[in-house]
Amino acid sequence: MNKKILILILLIAIAFGISYMLNGKAVMTPATNYVDIYNKKPTELGFTSPKWSGYLKIVPGGNAIIVGGVTDESSPKYERYLYLINLLDGTTLTMKGELLEGVLTNTLIGTITDDNKLHIFDLANDTEKIIPVDGVVYTAFMSPDKSKIALNTSRGIRIVMVKDASLTTLSNGPQDGAYAWRADGIHILGYHETTEDLHEAGKGRVLTMWDTVAKTKNDLAVDFPSSALRYIEWLKPDTIARVNAGFDDGSFDYLLDLSRNNFVTDLGETSRMLSRGGVQVSREYQVVGLLGTKFNPLIPSDHKGVQLVQLLDMDGKELGTHIFKEDAERQTLRIIDRETVAYVQTKFDQDTNIWSSTVYTYSFRTNREIKRGTFEEDVRSLEVTSDKKALIIPTAKALIKVTL
């Protein structure tokens, strides 16, 4: 081959390789450098609060976290605060009130204050909208397109239009509820009250699909006792929902499949799991996690049950179960992936009056439990970073980041 032609071919190949390296998949982008906020006291970060309250939530996208702080509890001006910390630049936003976890996106955050005012923080436009609500707000859920918020209040369901901060009435039933938005941003799965008397639990309820535009409802027939409905969330949007019904001393979870003529899978009693965060749904991995005491329905006299951690798929099929040998309470389940979970084991020493909490991960693939750290306090919150490479643990003294 002519030497000049060979050189030309080599030059073209080199140029193509450089172009691929610059524009193709071979380009390596540097990892995001987050601001170090860990192992520091709140006052070191410039916050009003001298200690964390134990509340922690990672904002979708993983570039910010929300932590709770408290002033001195013995002070007459005792207040609770929420701090939004931007992990990219270290800037913070102080928010009063309680976080509405159903109104939490990477750009919009909702809180409710004691005076029944809804606060919507728009991070993209650096604005705050304040909307008075005619009743006590229990829960709130944002539509997929972020245009509406359904508020479940003591006076019924209210719909907030985010753009102009207007508020309209969907229902006036004090025990009506709207929880799981469909993808169309119009319909939302929930329930409405009936005339049935449940005594201390109030009125009975019927599962329904609300139309937030026409202000109508369409009741759904289901094969489980729905009169004590309490909570609904999508596992697979528009198709499969986790439904909780019952009472504090008799709470049950179900999987409702709307695509299979409202087929119901009974997940069993979850009374001893709900108060400590022992039930979690992962849309990302399409699984339900259960942590805590589970009773054998075939042995009605079994009031002790067994302590376990379990993963189920969308059909309620068991993906993995681990039964704990000791009785020490475990709480705050977090699904890391389809075969790994994290949780906290708490103990109280009556001799020293000191709480201790140990954070563990458990792999159903290896059937192995790994201790990730022990802290001298009652840890009630735990989060997994969006890259699944670390756990964030709020203690009174500092936030702790544990690499997995």
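Author: Start with a term. Two strands pair if DSSP finds at least two bridges between them. Keep in mind that this model is predicted.

Reader: How do strands of a sheet pair?

Author: In general, strands pair through backbone hydrogen bonds, and the sense is either parallel or antiparallel. Now take one case here. Strand E30, residues 390–394, pairs with E31 in the antiparallel sense. The two are joined over 5 bridges.

Reader: Which residue in E31 is the bridge partner of Ala-390?

Author: Thr-403 is that partner.

Reader: In what order do the strands of this open sheet run?

Author: The order is E29-E30-E31, 3 strands with antiparallel pairing. E29 and strand E31 (399–403) stand at the edges. Each has a single partner strand, so one side of each has no neighbour in the sheet.

Reader: Next, charges. What can side chains of opposite charge do when their charged atoms come close?

Author: They can pair. A salt bridge is the case to look for, with a cut-off of 4 Å between a side-chain nitrogen of Lys or Arg and a carboxyl oxygen of Asp or Glu.

Reader: How many salt bridges does the structure hold?

Author: It holds 11. Look at Arg-334 and Glu-383 in this group: their closest N and O atoms are 3.6 Å apart. The pair links distant parts of the chain. Arg-334 belongs to strand E25 (residues 330–337), and Glu-383 to strand E29 (residues 383–384). They are 49 residues apart.

Reader: Are Arg-334 and Glu-383 buried or exposed?

Author: Both are buried. Elsewhere, salt bridges with shared partners join Glu-233, Arg-242 and Asp-253 into one network.

Reader: What separates buried from partly exposed?

Author: The cut-off does: buried means under 20% relative accessible area, exposed means over 50%, and partly exposed lies in between. Asp-257 has a relative accessible area of 6%, so it is buried. Arg-260 has 42%, so it counts as partly exposed.

Reader: What lies between E19 and E20?

Author: A loop that holds Asn-262. Asn-262 has a positive phi of about 60 degrees, although it is not a glycine. Its relative accessible area is 17%, so Asn-262 is buried.

Reader: What is the phi of Asn-353?

Author: Phi of Asn-353 is near 55 degrees, again a positive value in a residue other than glycine. Asn-353 sits in the loop between strand E26 (340–349) and strand E27 (354–363). At 57% relative accessibility, Asn-353 counts as exposed.

Reader: Now open spaces. How much space lies in the second largest pocket?

Author: About 390 Å³. This pocket is lined by 19 residues. Ala-64, Leu-84, Asn-86, Asn-106 and Leu-123 lie nearest its centre. Strands E3 (80–86), E4 (92–96), E7 (117–122) and E8 (127–132) are the elements giving two or more residues to the lining. The lining residues divide into 8 nonpolar, 8 polar and 3 charged.

Reader: Last, a single residue. Where is Ser-171 found?

Author: Ser-171 is in the loop between strand E12 (166–169) and strand E13 (177–181). With a relative accessible area of 8%, Ser-171 is buried. Leaving aside neighbours within four places in sequence, its contacts include Arg-155, Asp-176 and Trp-210.

Reader: Is Trp-210 buried or exposed?

Author: Trp-210 counts as buried, at 3% relative accessibility. Its place is in strand E15 (residues 203–211). The C-alpha atoms of Trp-210 and Ala-180 are separated by 10.0 Å, with the two residues 30 apart along the chain.

Key
Residues are numbered from 1 along each chain as its sequence is written. This is a predicted model: local features need pLDDT of at least 70, side-chain atom pairs count only at pLDDT 80 or more; totals for chains, interfaces and linings use all residues. Side-chain values use heavy atoms; hydrogens and water are left out. Helices (H or I, at least four residues) and strands (E, at least two) are DSSP runs, numbered from the N terminus. Buried means under 20% relative accessible area, exposed over 50%, partly exposed in between (1.4 Å probe, protein chains only). Contact means heavy atoms within 4.5 Å. On a 1 Å grid over the protein atoms alone, a cavity is a set of points where a 1.4 Å probe fits but cannot get out, and a pocket is an open set with protein on both sides within 12 Å along at least five of seven lines; lining residues have an atom within 4 Å of a point. Grid points are joined across faces, edges and corners, and a volume is the space filled by probe spheres set on the points. Ala, Val, Leu, Ile, Met, Phe, Trp, Tyr, Cys and Pro count as nonpolar, Asp, Glu, Lys and Arg as charged, and the others, Gly among them, as polar.
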